[in-house]
Amino acid sequence: MKNQDVFDFVKDLLKVYYIPVRCFSLPGTDVSMLDQGLRQSILHYDNTQKLTEDFFQTVQCQKLYFLTDSFQCSYMVLRIPDSENAMICGPVIFTQLQDNELKDFLAKQQIPQELYEPLREYYQSVAFVPFQSWFLNLFTLLAERLYGRDNYELIDTNFGDLDQWPNYYNQYFRINEQPFASVQMIEARYEDEAALIAAVRDGNEAKALEIFAKFSNHLVPARMNNKLRDAKDYCIAVNTLLRKSAEAAGVHPIHIDALSNQNVQMIEQLTSLEKCVNFQNECVKHYCQLVRKYTLGKYSAMTRKVLTYISTDLSANLSLKTFADLLSVSPNYLSALFKKEVGISLTEYVNRSRIQHAQRLLITTSLPLKTIAQQCGISDIYYFSRLFKRITGTTPKAYRENRDANRVHNI
């Protein structure tokens with residue numbers, strides 16, 4: 001299916017659900033078109049045009065931009081390949097505001113009460129999507145078709161800078177006041193947990209997010225009066241569940257531990273119930289990405305150890321003899337086993353890993369070439385340059401000078 005056919009299919013699908021889809025030429029778009037007239041027609045606030053244009057000037061190919069503004073409206077933006085055009089989908093809302101919630105929202109956003117009725121009508125006109133995961137999954141599948149699997153980046157950003165009002169209003173989807181409703185409810189929760197473990201173990205991000213979206217339907221009992229502390233503890237439980245999923249996928253504990261410890265530190269910095277919910281979704285995505293990057297379940301225990309050692313420290317001595325001595329086997333045996341399971345020699349795998357790391361350093365840092373070579377475990381700068389050119393087809397200097405193009409394609 002051609003790119004245009006893919007776009008047409010997605011646009012037709014979204015129209016069925018009354019979700020706006022627009023294509024426009026970069027670098028900018030009319031704010032009134034973006035938000036269906038909310039800021040200019042209802043709020044009479046028209047200082048957002050420049051900020052909007054500034055944002056769209058940064059839109060790059062092979063990136064999905066998931067935007068959320070101060071009015072709980074969400075958008076998805078992506079650049080159309082091989083063109084100066086972009087597609088924007090939205091606004092959509094994932095939570096319907098009841099009358100009392102809307103009044104509370106207006107008060108906390110310091111918006112005059114006389115705007116209550118126009119805003120109520122506005123929210124009634126905005127497309128409601130009950131499952132955020134469905135919205136995200138649709139566009140990740142579109143990105144896979146347009147750019148290739150694992151060849152794009154999802155950028156989740158707060159678009160609230162467009163607005164002069166602070167975003168105080170928080171939504172949280174758990175029901176803390178009710179205990180477990182029945183044995184069937186408990187069974188359903190455990191079934192969904194098992195399905196989530198299986199999806200994360202496979203690195204299937206779309207499936208994992210779809211399953212996790214069901215978790216808001218389960219009644220989880222409050223364990224303490226402090227709702228934020230209770231939500232943080234639930235985040236820790238989710239992190240633990242996903243950590244065991246990655247372990248079952250064959251990811252080495254050193255990688256799991258790094259992500260898990262980082263998550264625990266982030267959990268303690270969460271300041272609202274809404275941020276706790278968002279963190280849980282991000283946690284699911286990050287563990288799926290970890291599994292796809294580091295899963296070694298198909299390899300023997302010996303090969304898994306070698307691959308883990310290589311990914312842990314590329315500046316170390318990674319020779320065949322070093323690993324053979326470490327694992328108490330002959331170099332010939334290890335060499336044959338590694339090539340049989342991985343498909344290339346151990347030396348070639350190490351070289352490619354080092355050059356891939358060098359590519360990342362060249363486009364993300366200003367380190368001298370000699371320093372980059374040393375950090376990749378290569379002391380001879382001339383050998384480093386020859387090896388880099390053999391693997392990438394260009395010199396390190398030329399690769400860095402073309403960093404904007406290479407940033408998209410870097411592994």
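A: The model is a predicted one, and it holds zero disulfides. Cys 288, for example, takes part in no disulfide, the nearest cysteine sulfur being that of Cys 283, 9.9 Å away. Cys 288 counts as buried because its relative accessibility is 0%. Cys 376 likewise has a relative accessibility of 0% and therefore counts as buried.

The buried residues of helix 16 include Leu 346, Val 350, Ile 355, Ala 358, Leu 361, Leu 362 and Ile 363. Glu 348, Asn 351, Ser 353, Arg 354 and Gln 359 are also among the buried residues of this helix.

Two packed helices are described by the angle between their axes and the distance between the axes. The partner considered here is helix 18, residues 381-392, whose axis comes within 10 Å of that of helix 16 and crosses it at roughly 95 degrees. Helix 16 is therefore roughly perpendicular to helix 18, since angles of 65 to 115 degrees count as such. On the side of helix 16, the contact is made by Glu 348, Asn 351, Arg 352, Ile 355, Ala 358, Gln 359 and Leu 362. Helix 18 contributes Tyr 383, Phe 384, Leu 387, Phe 388, Arg 390, Ile 391 and Thr 392. Sorted by class, the contact between helix 16 and helix 18 has eight nonpolar, three polar and three charged residues.

The backbone also has features to note elsewhere in the chain. Gly 90 and Pro 91 are joined by a cis peptide bond, with omega at about 10 degrees. Pro 91 belongs to strand 4, residues 85-93.

Gln 62 has a phi near 65 degrees, a positive value in a residue other than glycine. This glutamine, Gln 62, is located in the loop between helix 4 (49-56) and strand 2 (63-68). Because its relative accessibility is 12%, Gln 62 counts as buried. For Gln 72, too, phi is near 65 degrees, again positive in a residue other than glycine. The loop between strand 2 and strand 3 (74-79) holds Gln 72. At 16% relative accessibility, Gln 72 counts as buried, because the cut-off for that term is under 20%.

Definitions and conventions: Residues are numbered from 1 along each chain as its sequence is written. This is a predicted model: local features need pLDDT of at least 70, side-chain atom pairs count only at pLDDT 80 or more; totals for chains, interfaces and linings use all residues. Side-chain values use heavy atoms; hydrogens and water are left out. Buried means under 20% relative accessible area, exposed over 50%, partly exposed in between (1.4 Å probe, protein chains only). Helices (H or I, at least four residues) and strands (E, at least two) are DSSP runs, numbered from the N terminus. Axes are lines fitted to C-alpha atoms, for helices over the stretch in contact, and angles run from 0 to 180 degrees between N-to-C directions. Angles under 35 degrees count as roughly parallel, over 145 as roughly antiparallel, 65 to 115 as roughly perpendicular and the rest as oblique. Contact means heavy atoms within 4.5 Å. Ala, Val, Leu, Ile, Met, Phe, Trp, Tyr, Cys and Pro count as nonpolar, Asp, Glu, Lys and Arg as charged, and the others, Gly among them, as polar. A disulfide is a pair of cysteine sulfur atoms within 2.5 Å.
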